[in-house]
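Okay, thanks everyone, I'll keep this short. Have a look at the structure on the screen and then I'll walk you through it.

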Amino acid sequence: MTSFRYEEIKYMLTVQEVAKILGVSVHTVYRLINSGDLSAVKISQRRTVIKAEELEKYINRK
């Protein structure tokens with residue numbers, strides 16, 4: 001499997017951005033977060049973000 005490296009300046013990614021990068025639905029990203037496979041930070045009641053480095057770790061584990 002190819003390793004993933006997020007090279008953009010962005011430090012935090014939205015759930016929608018992560019879904020697009022992984023090629024999955026937003027609901028699947030929330031399932032990964034709820035199962036503990038992907039770490040995320042809830043910054044408000046309606047906003048959840050994922051550190052780019054956490055996404056990189058998740059992809060490299062898979």
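So, what do the buried residues of α2 pack against? They pack against α1, β3, which is 47-51, and α3, which is 52-61. Keep in mind that this is a predicted model.

Let me back up to the overall layout. We've got 3 helices and 3 strands, and along the sequence they go β-α-α-β-β-α. Of the 62 residues in the protein, 31% are buried. The accessible surface is about 4500 Å², and carbon and sulfur atoms account for 49% of that.

Back to α2, then. Its buried residues are Val29, Leu32 and Ile33. Looking down the axis of α2, those buried residues sit within an arc of 100 degrees, so they line one face of the helix. Just after α2 comes Gly36, with a positive phi of about 90 degrees.

Now the helix pair. Helix α1, residues 15-22, packs on helix α2, residues 26-35, at about 100 degrees, with the axes 8 Å apart. The two are therefore roughly perpendicular to each other. On the α1 side, the contact uses Val15, Gln16, Val18, Ala19 and Leu22; α2 brings Val26, Val29, Tyr30, Leu32 and Ile33. By type, the residues of this contact are 9 nonpolar, 1 polar and no charged.

Key:
Residues are numbered from 1 along each chain as its sequence is written. This is a predicted model: local features need pLDDT of at least 70, side-chain atom pairs count only at pLDDT 80 or more; totals for chains, interfaces and linings use all residues. Side-chain values use heavy atoms; hydrogens and water are left out. Axes are lines fitted to C-alpha atoms, for helices over the stretch in contact, and angles run from 0 to 180 degrees between N-to-C directions. Helices (H or I, at least four residues) and strands (E, at least two) are DSSP runs, numbered from the N terminus. Angles under 35 degrees count as roughly parallel, over 145 as roughly antiparallel, 65 to 115 as roughly perpendicular and the rest as oblique. Contact means heavy atoms within 4.5 Å. Ala, Val, Leu, Ile, Met, Phe, Trp, Tyr, Cys and Pro count as nonpolar, Asp, Glu, Lys and Arg as charged, and the others, Gly among them, as polar. Buried means under 20% relative accessible area, exposed over 50%, partly exposed in between (1.4 Å probe, protein chains only). The arc is that of the directions from the helix axis to the C-beta atoms. Accessible areas come from the Shrake-Rupley method with a 1.4 Å probe; for residues, only the protein chains shown count as cover.
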